[in-house]
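Subject: Handover of a structure and notes on it

Dear colleague,

Please find the structure below. I would be grateful if you would read the notes with the model open beside them.

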Amino acid sequence: MDSYRLANAEVVLPGLRAGDPAAQEALYRAFEAPVYNLARRICRTTEDAEDVMQEAFIEVFRSIGQFRGDGSLWGWVRTVTASKALMRLRRNKYRDTDELPEDILPFKKEDTALRMDLETALERLSETSRAVVWLHDVEGYTHEEISTMMDRTVSFSKSQLARAHTRLRRWLGEEARQ
Amino acid sequence: MTHLSMEQLLATREPGLEPQVRSWRDHLENCPACRAESDRLDQRTAQLKSLPTLAPGRDLFLAVREKAARERRLKQVRRMVFAGLAVAASVTIAFVSLRHQASQDRTLVAADPELAEVMSQSKGLERAIEGLDQDRQVVDGRTIAVTTSLEDQLARVDQQIEAVGLMDQQARQQRMLKLWRERVGLLDALVDVHLTGARYVGF
């Protein structure tokens, strides 16, 4: 994901700090897709993901003065987005640590033995588990960073990751060890 | 043989040299089943990373820009309100100080009729200057320079008059009379400048 970079970040930064709409649009166009993708991978609905994306960009425009340039601009924007998405989860009371009850999911219990594609399996995880697996495995955050963002313990993050992988393995129909 | 749990398998990938984690790493090296599980974990992670990037269904930039602009406007209004409150507080403090100064001046005037007379002359000259049509009277650069110089001197005298309030009663009375006389002289010169032009007042 680090491939998402604004080629001329140094050029747009002064404009962003001055609140220049052209610089804001340049940043938006550069990061629109990865920001939405991250929000959508954590949130359950497209509406929530769109709201998170808007909140993230507004926060970035508001707080750009705090970006010191120590890391990449995308790294900073990504952390803002992840925080907003996790806040949205908390706000929506999606703090369950288990996946959604089987009866509200669009397939029956016996279907779990069937081979699902990864997208479907990922979608079926609880918000918390999905957020942890995405932030850790795809975005590359450490358990310490995830626990800070989620306001939980490191062991909570680790156990959520293990739980997510155990379920993904089963739902993906991967062979169990002999 | 007990295989590694998912949590233990994941722990072997994290940095750490705890004896327990080292024993799990040893197990992983010697257990083909756990190594296969570790490989599947790697594959799954790689698949997760290669999932397509989801794109928003509509362009939300205008909405974002509008919200950001609205927030900026609110921030400006808030700043102006705070600035207004600060000015109001300063005005209140200045008003209280002036009232205090005025009460000190009244005490001095009551004790010294000569000072009262000079202060009265000063007020009369100030009223005369206010009554002049200065825009019409001040016509050349030299006059403007002289006027500015006199006004600067007046400002300095006014500052000194304010500072006199800190002196003891007797010293204050004498100093005040001297400064107010100086003030009257300057105002008198200023009236001449406005009436006749700079060249007639000896500058």
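This is a predicted model: local features need pLDDT of at least 70, side-chain atom pairs count only at pLDDT 80 or more; totals for chains, interfaces and linings use all residues.

Residues are numbered from 1 along each chain as its sequence is written, and chains are lettered from A and ligands numbered from 1 in the order in which they are written.

Chain A contains 8 helices and 0 strands; helices (H or I, at least four residues) and strands (E, at least two) are DSSP runs, numbered from the N terminus. Its order from the N terminus is α-α-α-α-α-α-α-α. Chain B also comes to 8 helices and 0 strands.

Of the 178 residues in chain A, 40% are buried, whereas buried residues form 13% of the 203 residues in chain B. A residue is called buried if 20 or more other C-beta atoms lie within 10 Å of its own, with C-beta atoms placed from the backbone. Two residues are in contact if their C-beta atoms, placed in that way, lie within 7 Å. Among contacts with a separation of 6 or more, residues 24 or more positions apart account for 69% in chain A; for contacts in chain B between residues at least 6 apart, 67% join residues at least 24 apart.

Helix H6 of chain A covers residues 127-138. Its 12 residues reach 15 Å from the first C-alpha to the last, close to the expected 16 Å (1.5 Å times one less than the number of residues). H6(A) is mostly covered, with 10 of its 12 residues buried, including A:Trp134 and A:Leu135. The buried residues pack against helices H2, H4, H5, H7 and H8 of chain A. After H6(A) comes A:Gly140, with a positive phi near 85 degrees.

How do H7(A) and H8(A) pack, and at what angle? Their axes lie 8 Å apart at about 105 degrees; axes are lines fitted to C-alpha atoms, for helices over the stretch in contact, and angles run from 0 to 180 degrees between N-to-C directions. H7(A) is therefore roughly perpendicular to H8(A) (65 to 115 degrees). Among the residues that meet are A:Ile146 and A:Met150 in H7(A), and A:Val154 and A:Phe156 in H8(A).

Notes:
Angles under 35 degrees count as roughly parallel, over 145 as roughly antiparallel, 65 to 115 as roughly perpendicular and the rest as oblique.
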